[in-house]
Amino acid sequence: MKYYSLKNTKISLTFSEALKKGLSEDKGLFFPRTIPTLPKSFFQKIIKMSINDIALEIIKPYIGESIDKNTLSRIIESTLNFNFPLIKLSKNIYTLELFHGPTLAFKDVGARFMSRCLSHTLKNDERITVLVATSGDTGGAVANGFMDIEGIDVVVLYPKNKVSDLQERQFTTLGKNIKAISVDGTFDDCQRFVKDAFMDFQINNYLNLTSANSINIARWLPQMFYYFICYKSLSKLNKKLIFSVPSGNFGNLCSGILAKKMGLPIDHFIASTNINDVVPKYLDTGVYSPKASQETISNAMDVGDPSNFIRIEKIFNNNYKELIKNISGYKFSDVQTRNAISSLYHSFDYTTEPHGAIAYLGLNKFIENKNSDYLGVFLGTAHPIKFREVVENETKTIIKLPPQLKGILSKKKKALNVKNFQEFKSILLN
Ligand SMILES: *Cc1c(COP(=O)(O)O)cnc(C)c1O
C-alpha cells in the first residue's frame, strides 16, 4: 500500500515512511492510494474469529511490506490488551465503551498501535521526537503509549488551564522520555505550533520530528478495529446499524467511515458535537467555515478547525450528496450535555461523561422518529472519572477510582510554559 498527500497525488510513500513523517511536506494529510474491500467470506466468518485475527485481517493491506505479519500480529495483541464492553441500555440503544485502556480514553488504541509500529520502524541508532498537541486526552494516551520506548522522545503541548487535573496528570507526571509544555492559548494554538514546527527549517535540521495527533495514519487506521469488534457482537440481530461518534478532530468518525468503505455494514453515522459545530453546520448548509474554538465541558471536542474532516470528504470522493446521505450532524450545549448525563443515570442507571453524553444525544435525535429497525450505538470515549466534577454533580454519586489512576494522583506535575511559537522553538532547540 502506498500513501499520497491530499495536496499532491504524485507523492507516494510506504506505511513506515508516512508513519514517520506524520504530515506531508506540503502540509497535506496522507491518504491510502486505494481503499481495500473485504470479501463477503470475511463477514460470514467474523462471528467465529478472534478479535486479534479480525484486526490483523483489516489492517494488513494498509501496512503492506512495512511490517512482517508476525510482528504485526504481536503489535495488535499488545495494542488491544483491554476490553471493549458493549452495554445495552434499551431495545435499540447500546453504548460501546472504549475507555478501559491505560489512560481511560479511546485514544489508547491509536496511541498504542502507533508507538509500537514506530518503534519497530526505527533503525538502530535513530532518534525521533514525537510532537503532539492535546485538548485533553491525546496527551495522556500518547505519553503512556510511548513511555520508555527506546529512541523516542515525546513533547506534549496543551492549553494552559484548559484540561482537567486528571488529564494533566496523565502526561505531566511521567518524566523520563516524556516532556510537557503548557501554552498560553487554546488547543488551536497548540495545534498551530505543532504544524509550524514541522515547517521550520532550523527545528527540522536539529530534530527528527513526527506527529502523534490523529492525523498520523498509524493512529487513524487502527481505530477501525472497534467498529468491527462491535459489529461482531451485533450482526446476529440483523438490524440497521448506526454509530453516533462524539467528534472533535473527526479522526474517530473518519475511521468508522473507512470501515464502512471497506465493507462493514453500517447504515448511518452521526457526527455529534458540542457548540463547536463546523461540521453539523456544513452538513446542514453546504458551507464549511472553520472558526476559533469555544470552551465547553466536553473539552476534548473543543476544535474549531477539525483536521481529519478532509479525509472524510475524500472517502466520499468530495461528493457532498454522498456525504450527507451517510452522515447526520447535531450539536449540543453544555446544559443539554449535563441534562443528558443526569437522565442517562436516572433512566438507565448508566454513568457517562460529557463526550459520551453528547454522542447519546445525537443518537437519540436521529432515531427519534425512526422505526425499530434501527440499532444505535453511541461511543463512550472517556471514563467518567476523567470528568469527575461534572459527572458527580449530575448523578449525585461518587465515582469509584479505576486502578489505572492510583499511581499518578500522588506524583508531582511537571511542565514548562510558553507564550508564543518563538519560546516553544527555543525549548525544542535546546
Ligand atoms: C479526542 C476525543 C474525542 C474526539 O475524537 P476525534 O477523533 O478527535 O473526533 C471525543 N471524546 C474524547 C473523550 C476524546 O478524548
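Buried means under 20% relative accessible area, exposed over 50%, and partly exposed in between, with a 1.4 Å probe and protein chains only. I'm using those cut-offs all through these entries.

I'm working on a predicted model, where local features need pLDDT of at least 70, side-chain atom pairs count only at pLDDT 80 or more, and totals for chains, interfaces and linings use all residues. Residues are numbered from 1 along each chain as its sequence is written, and side-chain values use heavy atoms, with hydrogens and water left out.

**Entry 1: K413 and E168.** I looked up K413 and found a relative accessible area of 32%, so K413 is partly exposed. E168 is buried, at 17% relative accessibility. The two form a salt bridge (a side-chain nitrogen of Lys or Arg within 4 Å of a carboxyl oxygen of Asp or Glu), with the closest N and O atoms 3.0 Å apart. E168 sits in helix 7 (residues 165-172) and K413 in the loop between helix 18 (388-395) and strand 14 (416-418), so the pair ties together parts 245 residues apart in sequence. For the record, helices (H or I, at least four residues) and strands (E, at least two) are DSSP runs, numbered from the N terminus. I then noted that a network of salt bridges links D165, E168, R169 and K413. How many salt bridges does the structure hold? I get 15.

**Entry 2: K331 and D277.** Next I checked K331, whose side chain meets that of D277 in a salt bridge at 3.4 Å, N to O. K331 lies in strand 12 (residues 327-331) and D277 in the loop between strand 11 (268-273) and helix 13 (278-285), so this pair ties together parts 54 residues apart in sequence. K331 is partly exposed at 43% relative accessibility, whereas D277 is buried at 4%. Strand 12 has 4 of its 5 residues buried, so the rest of the structure largely encloses it. I also see strand 12 pairing with strand 11 in the parallel sense over 5 bridges; two strands pair if DSSP finds at least two bridges between them. A271 has G329 of strand 12 as its bridge partner.

**Entry 3: R338 and E394.** R338 is in helix 16 (residues 334-348) and E394 in helix 18, so the link ties together parts 56 residues apart in sequence. R338 is partly exposed at 29%, and E394 is buried at 18%.

**Entry 4: helix 19.** Which residues of helix 19 (residues 421-428) are buried? I list F421, F424, K425 and L428. Among the elements covering them are strand 6 (128-133), helix 8 (187-199) and strand 14. At the N-terminal end, N420 caps helix 19, with a side-chain oxygen 3.3 Å from the backbone nitrogen of Q422.

**Entry 5: R219.** I found R219 in helix 10 (residues 217-220). R219 is buried yet has no salt bridge, and D108, the nearest side chain of opposite charge, is 9.0 Å away. On charges, Lys and Arg count as positive and Asp and Glu as negative, with His and the chain ends not counted. Leaving aside neighbours within four places in sequence, R219 is in contact (heavy atoms within 4.5 Å) with residues including K107, M114, T138 and N213.

Methods: Polar contact = N/O pair within 3.5 Å; in protein donor to acceptor, adjacent residues only side chain to side chain.
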